[in-house]
Amino acid sequence: VSTGDLGARFERYVSRVSSPESTATGDKSSAGHERPEISVQYAEPTNDLERAICEVWQELLGLEQVGVRDDFFELGGHSLLVTQLTSRLRQTLQVDLTLRDLFGAPSVAGLAELLMVRLLEEDARGVAGQP
């Protein structure tokens with residue numbers, strides 16, 4: 001239950017994605033390599049949060065395309081990249097993420113769901129703290 005507009009709050013978080021750093025990387029058509037053959041088929045992002053997470057993964061992994069069900073480790077990610085990914089997502093999305101979060105939710109869809117749950121929990125705590 002939230003007394004505020006969750007959609008508006010979500011948009012505030014997602015709008016932070018378009019930072020000067022993310023646009024300073026240049027032409028996205030030369031972003032990287034093709035998506036490797038992995039155990040799941042490509043699935044398009046369905047919302048702005050998933051798109052933002054996909055863009056960070058693409059940049060970090062050097063891939064042209066990342067799907068929302070793709071496993072970070074199947075795409076070539078490893079523990080050192082998880083550290084960089086955590087840092088970039090914190091900076092880009094202005095959210096608190098831990099290494100444990102990324103190991104526990106190694107897909108874009110999993111991370112997006114985790115972040116939405118956290119937003120809802122923060123809203124609930126904010127409402128509970130009001131008189």
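Author: Start where the helix begins. Asn47 caps the N-terminal end of H3. One of the side-chain oxygens of Asn47 lies 3.1 Å from the backbone nitrogen of Leu49. This is a predicted model: local features need pLDDT of at least 70, side-chain atom pairs count only at pLDDT 80 or more, and totals for chains, interfaces and linings use all residues. Residues are numbered from 1 along each chain as its sequence is written, and side-chain values use heavy atoms, with hydrogens and water left out.

Now the helix itself. H3 covers residues 48-61, which makes 14 residues. Helices here are DSSP runs of H or I with at least four residues, strands are runs of E with at least two, and both are numbered from the N terminus. From first C-alpha to last, H3 reaches 20 Å. That is close to the 20 Å expected at 1.5 Å a residue. The expected span is 1.5 Å times one less than the number of residues.

Gly62 follows H3, and the phi of Gly62 is positive, near 70°.

Last, the setting. The protein has six helices and zero strands. Along the sequence the pattern reads α-α-α-α-α-α. Of its 131 residues, 36% count as buried.

How values were computed: A polar contact is a pair of N or O atoms within 3.5 Å; within protein, one must be able to donate a hydrogen and the other to accept it, and residues adjacent in sequence count only if both atoms are side-chain atoms. Buried means under 20% relative accessible area, exposed over 50%, partly exposed in between (1.4 Å probe, protein chains only).
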